[in-house]
Protein chains: 2
Amino acid sequence: MTLSVMLLLSILVSFVAFGYAAWLFVWVKKQPQENAVITKVSGLIQQGARAFLKRQDQILLAFAGGVAVIILLFLPSPVWKGSFSKNLINAISYLCGTVLSALSGKIGIEVATLANGRSAEAAQKGLKPSFMVGFRGGAVMGMAVVGACVLGVSLVYLVTGDTQAVLCFSFGASSLALFAKVGGGIFTKTADIAADLTGKVELGIPEDDPRNPAVIADNVGDNVGDVAGMGADLFDSNVASLAAALVIARKLDLVSGHHNNVITVFCYAALGLLASVLGVMTAKIGKNGNPTSALNSSTYVTTGIYAVLTAIATAVFGFSWKVWAACILGLLVGVVIGFTTDYFTDDTKKPVHLVAHASASGPAFTILSGISYGFMSSLPAMIGTGISTMISYKLCESIDPAFSSEYALFGISIAAVGMLSIVGMIVSNDAYGPIVDNARGLAEMGGLGDEVLEITDELDSAGNTVKAITKGFSISAAGLTVIALLGTFMSEVNDAALELGMELVKGFDVMDPLVFFGMLVGAAIPAVFSAMLMLGVDRNAQRMVEEIHRQFNTIDGLKEGKVDPEYNKCIDIATSGAIRELIPAGLVAIMSTIAVGFIGGVYAIGGFLVGNILSGLLLSLFMSNAGGLWDNAKKYVEAGNEGGKGSEAHKAAVVGDTVGDPFKDTAGPSINTQITVISLVASLLSTLFLTMSILH
Amino acid sequence: MTLSVMLLLSILVSFVAFGYAAWLFVWVKKQPQENAVITKVSGLIQQGARAFLKRQDQILLAFAGGVAVIILLFLPSPVWKGSFSKNLINAISYLCGTVLSALSGKIGIEVATLANGRSAEAAQKGLKPSFMVGFRGGAVMGMAVVGACVLGVSLVYLVTGDTQAVLCFSFGASSLALFAKVGGGIFTKTADIAADLTGKVELGIPEDDPRNPAVIADNVGDNVGDVAGMGADLFDSNVASLAAALVIARKLDLVSGHHNNVITVFCYAALGLLASVLGVMTAKIGKNGNPTSALNSSTYVTTGIYAVLTAIATAVFGFSWKVWAACILGLLVGVVIGFTTDYFTDDTKKPVHLVAHASASGPAFTILSGISYGFMSSLPAMIGTGISTMISYKLCESIDPAFSSEYALFGISIAAVGMLSIVGMIVSNDAYGPIVDNARGLAEMGGLGDEVLEITDELDSAGNTVKAITKGFSISAAGLTVIALLGTFMSEVNDAALELGMELVKGFDVMDPLVFFGMLVGAAIPAVFSAMLMLGVDRNAQRMVEEIHRQFNTIDGLKEGKVDPEYNKCIDIATSGAIRELIPAGLVAIMSTIAVGFIGGVYAIGGFLVGNILSGLLLSLFMSNAGGLWDNAKKYVEAGNEGGKGSEAHKAAVVGDTVGDPFKDTAGPSINTQITVISLVASLLSTLFLTMSILH
């Protein structure tokens with residue numbers, strides 16, 4: 001097996017995934033959509049989502065263009081020093097990363113906004129057809145995201161043979177994720193909060209009432225936040241994990257003179273995609289089956305297929321079994337962490353019940369107990385991440401005693417690749433959620449009757465349960481990825497040091513005051529970043545509330561439902577506000593990295609990354625899980641517990657849910673992206689930090 | 001200047017402080033207390049506080065006795081290996097640490113419960129006399145705490161000449177702090193929340209209504225939490241900073257054959273105490289002066305005196321000017337951090353106004369904005385701590401090129417000593433708060449009239465402002481101390497390694513998977529620890545609410561105010577509950593340290609401590625500041641802003657305040673103690689971790 005054959009095979013697998021995605025897309029589109037109201041509202045949602053993407057693309061074009069110019073001028077070294085072709089390759093790779101990620105997000109949005117109405121109407125024929133529309137719609141996104149990822153990385157490596165270009169590709173994906181995930185997160189919660197504040201609270205109209213000018217923006221938000229944003233996030237993590245693994249693998253291959261390690265990385269990545277395709281193909285549900293177990297069992301099937309396929313490949317191609325073990329270990333730990341996280345947010349488990357019970361004493365106790373369980377929920381995932389880091393390191397350290405530390409780092413990065421191998425399945429399951437969530441709203445607006453609503457409710461609730469699991473999974477996967485990126489950073493620094501004849505960096509000793517200084521600052525950044533996002537959501541929601549008030553005050557007949565509200569105005573506010581609020585937060589993260597790097601050099605940056613990873617993991621687990629917990633505690637109360645709807649406990653639980661919304665959908669998951677972005681910035685600027693810092 | 005002369009001088013200074021404290025105590029006691037209601041209630045508070053201390057002492061006796069036996073058997077090495085006398089010294093030092101800290105807490109409580117009534121009555125003669133009673137009452141505590149600290153450390157070192165005995169003394173102080181600070185924190189919030197829930201919310205009676213069975217427990221809580229608890233906390237930090245500095249200083253002295261560095265540490269510590277005495281003596285306030293600036297200016301005066309005194313000593317005794325600079329740097333950074341923290345909690349600044357404004361949209365926005373500003377508030381303190389660590393390291397590194405890393409660590413520990421040098425003044429100002437807070441309540445119950453209430457309100461508000469500053473100060477001081485303790489840990493490990501002929505530990509490289517594993521687990525511990533405390537407060541408050549209901553239902557004439565409630569029952573619940581809830585949380589922290597140590601050895605523990613410090617600092621800054629912010633936002637609304645009392649904004653602000661209570665008075669400040677305890681456990685068990693771990 002030569003490297004180029006492997007790369008071509010990877011590209012082939014990605015086309016298989018695209019082909020399957022196209023087939024699924026056509027299948028979804030062929031499903032009937034006849035109800036007039038559903039068709040209209042679904043069309044409005046589609047237009048709104050497209051408007052957001054268009055606006056995002058414009059801003060992104062300016063941003064990515066600027067970054068591409070900077071890369072062209074300075075990376076890997078100033079262009080006037082004769083590295084033009086390298087710089088050009090890097091700039092193009094960067095742009096490819098943004099474009100491919102944006103494209104797969106666009107495909108996801110398109111199919112999700114097609115599938116929602118069709119899933120609602122299919123529910124008239126029963127649970128199974130409705131489930132299949134939601135699931136296959138989500139799967140299009142899953143296949144597109146992972147296919148684009150494997151395709152992009154393989155192509156960039158095939159053309160350039162250079163891992164720095166892959167890092168630039170990864171940085172492009174991260175830039176897009178910053179806009180899509182963080183911007184989408186602000187968008188969705190802006191609309192959600194504004195719609196609730198004016199609709200449910202002030203006017204006393206139902207959640208999805210079409211008179212509310214924010215109602216379409218709210219539905220658009222589900223798509224741009226949960227479909228496109230989450231897809232970009234996992235695209236980002238997946239590419240970053242491959243980039244991290246490739247940097248080390250190539251280094252090892254260079255010294256050993258073969259391509260075994262790079263081939264292993266591509267082989268495992270391609271097989272992950274293949275396993276996801278097979279997992280989606282074989283997913284099925286009985287006529288009145290349980291959608292949650294259908295979704296979960298497809299995850300298990302994919303995991304199993306992946307383990308078998310990689311084992312066969314390892315045997316056939318003679319890869320190292322230790323590397324295989326690290327890969328499978330990462331995957332298993334990811335699944336276990338997902339299910340541990342589930343404990344803290346599942347409405348059949350103790351934490352949700354206790355938070356619901358505490359709510360009977362008032363909202364302060366909802367908040368206190370939710371924060372407490374959120375804090376606790378971080379422990380298993382932190383231990384799990386720690387264990388998989390440690391074991392994969394120790395496993396691979398012994399592969400070649402001459403390069404024990406490089407193989408050890410390779411082990412960690414392969415564990416991250418393993419954890420992310422089934423990401424196609426994860427994205428599919430995750431994108432299923434907002435589709436059936438929207439389907440539920442559409443079924444209500446379209447007046448499809450109580451029986452249909454019961455079905456869509458069941459599908460929606462399965463989506464929420466699965467989401468909790470995939471969220472824990474994706475945070476841990478991002479955590480392991482950034483740990484691998486830390487190894488990449490050191491490796492990049494040492495490449496530069498070697499070239500410049502400087503002393504090599506052996507590690508980052510916490511007793512070194514520069515490292516410690518970096519750690520302290522780095523640990524504070526995720527807190528500041530998430531605070532800025534939450535305050536941004538708040539400010540933006542206030543703007544939209546004003547607009548809603550204006551419409552109700554100036555548009556005659558709106559309150560009576562005779563005229564349609566100006567939905568687009570609200571979508572505009574959410575869109576422009578999201579982008580306006582995300583830019584300062586993103587700049588704080590990036591500029592602080594650059595500042596620490598130029599002040600304290602590579603040692604301070606090493607510490608900075610570590611501090612950032614530690615507190616970032618902690619806070620994102622805390623915020624995501626606390627948010628999910630509050631959401632389910634509210635639903636648990638609404639199901640009739642602790643006094644049910646309208647009780648004091650319910651009011652308190654609603655407060656918890658409102659606090660939890662930006663926690664779980666804006667700040668918590670955005671921290672992943674923040675960590676990845678600054679890890680890549682640090683790796684790309686390592687030469688500059690090495691040569692131009694003040695204190696070192 | 002020989003070492004023994006210096007030690008005797010230190011002991012002399014501590015007696016000066018004790019003498020001055022005794023004089024102040026007598027002065028406070030001589031002030032008139034004539035009002036019958038005030039005398040009665042103040043007596044009840046005193047009895048309640050004594051009951052808590054008594055109960056705490058009993059449990060502590062069992063706990064400390066057990067630990068002392070373990071130390072006697074195992075530290076520094078198993079007693080059957082012939083180290084009986086060393087083990088005995090360690091065990092006795094440990095017990096001295098607990099006893100001295102407990103004694104100074106007891107003195108503080110005694111004078112605070114004497115001073116509260118007298119300060120209330122003095123307010124009839126004007127602001128100045130009332131302020132002086134409060135201030136001097138607080139100063140007794142300040143002098144007692146720091147006097148006991150300097151005395152204890154000097155005596156232990158004079159008798160043993162061994163730094164491990166000082167570490168054991170410090171561990172004793174930490175054990176007591178765990179009970180006093182954590183237990184006191186649970187006690188005070190249990191009573192506060194239960195009193196509010198039943199009194200203000202259910203029965204609609206005022207905050208300090210004597211019919212409420214929890215009202216005395218609530219007032220007792222202020223004393224045991226804020227006076228005794230905070231005193232124990234700063235005693236703990238102060239001793240730990242001296243212990244950390246002494247371990248390194250002695251090592252340096254051993255290799256250089258003189259005692260200069262140890263002498264420097266004692267000299268600077270004694271001068272800090274002396275400066276505090278002088279600062280308290282010269283504190284004054286005009287007849288209608290501003291109490292806040294009186295308190296703050298006494299802090300500046302102490303800082304100035306300290307800088308001058310230490311400069312003179314450095315010149316006269318020929319200490320290193322670099323060490324002096326590190327010491328003063330620590331002190332200045334501490335003061336600056338205190339004032340930065342103040343920005344986030346001061347009711348004349350933007351964050352408080354914005355949180356109050358957000359409250360108009362409902363409690364969810366109070367919480368979201370408060371959490372956001374709380375997150376942001378961590379940044380300046382983290383940067384400040386990072387800068388003082390880095391500069392003090394770099395400054396002292398060059399003192400002796402042969403021992404650059406030891407001198408660098410010495411620099412950090414001296415910065416911590418510097419930051420804690422004015423702790424006598426800080427404790428005085430801090431203990432002033434609960435005294436005048438109680439005085440305000442007593443003036444109301446005693447019916448002293450509106451003019452008096454105005455004065456006590458002004459004094460109380462000054463107490464709150466100053467508290468915010470001292471809190472930021474004490475968290476950073478604890479942070480710097482534990483960073484210094486990290487150096488101690490490494491030094492202890494290497495002493496053991498040298499003795500055992502094992503390889504020396506050069507540092508803790510974050511790229512070492514054992515270190516990284518430790519960091520991930522260590523970072524999660526403060527989150528779990530604070531979650532357990534918050535849930536404990538909640539559980540305990542529910543128990544007290546039940547008891548209050550019982551009393552109102554079964555005691556005839558209680559509602560009408562004809563019969564006194566059974567105050568003691570509530571105090572009992574708060575006391576026993578506090579101890580019951582703190583033990584599991586303390587055990588989780590200590591057992592996880594031991595588990596990580598025996599699994600991953602000294603490298604994992606090094607990482608564990610770093611992770612713990614980073615996330616602990618972050619979370620304690622976040623929780624303390626968010627809590628203070630909510631408290632002041634509520635007061636700001638109550639002062640008539642955003643609709644004033646009774647408005648929706650007020651209701652929301654009350655929710656924020658209730659969430660903030662356990663944040664700022666239980667969980668946030670307890671994290672300090674948790675970090676110190678495990679740092680000391682790690683240092684003391686370093687030999688065991690070095691020789692008996694599974695993975696290393």
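Rings of Phe, Tyr and Trp (its six-membered ring) pair if their centres lie within 6.5 Å; planes under 30 degrees apart count as stacked, over 60 as edge-to-face and the rest as tilted. In this predicted model, A:F375, A:F622, A:W630 and A:F663 form one aromatic cluster.

Accessibility was assigned with a 1.4 Å probe on protein chains only: buried means under 20% relative accessible area, exposed over 50%, and partly exposed in between. B:F317 counts as partly exposed because its relative accessibility is 32%. B:F319 has 6%, so B:F319 counts as buried. The rings of B:F375 and B:F622 also form a pair, with centres 4.5 Å apart. Their planes meet at 35 degrees, so this pair is tilted. The two residues belong to distant parts of the chain, 247 residues apart. B:F375 sits in helix 11 (residues 363-397) of chain B and B:F622 in helix 16 (residues 567-638) of chain B. Both B:F375 and B:F622 are buried.

Residues are numbered from 1 along each chain as its sequence is written, while chains are lettered from A and ligands numbered from 1 in the order in which they are written. Local features need pLDDT of at least 70, side-chain atom pairs count only at pLDDT 80 or more, and totals for chains, interfaces and linings use all residues; side-chain values use heavy atoms, with hydrogens and water left out.

Confidence was examined next. The model scores ipTM 0.92 and pTM 0.93. The predictor's confidence in each residue is its pLDDT, on a scale from 0 to 100. Chain A averages 91, and 100% of the residues score at least 70. Within chain A, confidence is highest in helix 1 (residues 3-30), at 95. It is lowest in helix 14 (residues 450-500) of chain A, at a mean of 86.

Helices are DSSP runs (H or I, at least four residues), as are strands (E, at least two), numbered from the N terminus. Helix 6 of chain B covers residues 215-256, which is 42 residues. From first C-alpha to last, helix 6 reaches 60 Å, close to the 62 Å expected at 1.5 Å a residue. That expected span is 1.5 Å times one less than the number of residues. Helix 6 of chain B bends by about 30 degrees at B:G229; the bend is the angle between axes fitted to the seven residues ending there and the seven starting there. Because 37 of its 42 residues are buried, helix 6 of chain B is largely enclosed by the rest of the structure. Just after this helix, B:G257 takes a positive phi of about 80 degrees.

Contact in general means heavy atoms within 4.5 Å. Not counting residues up to four places away in sequence, B:D665 touches several residues, including B:G185, B:D226 and B:K467.

A:T113 is found in helix 3 (residues 84-122) of chain A.
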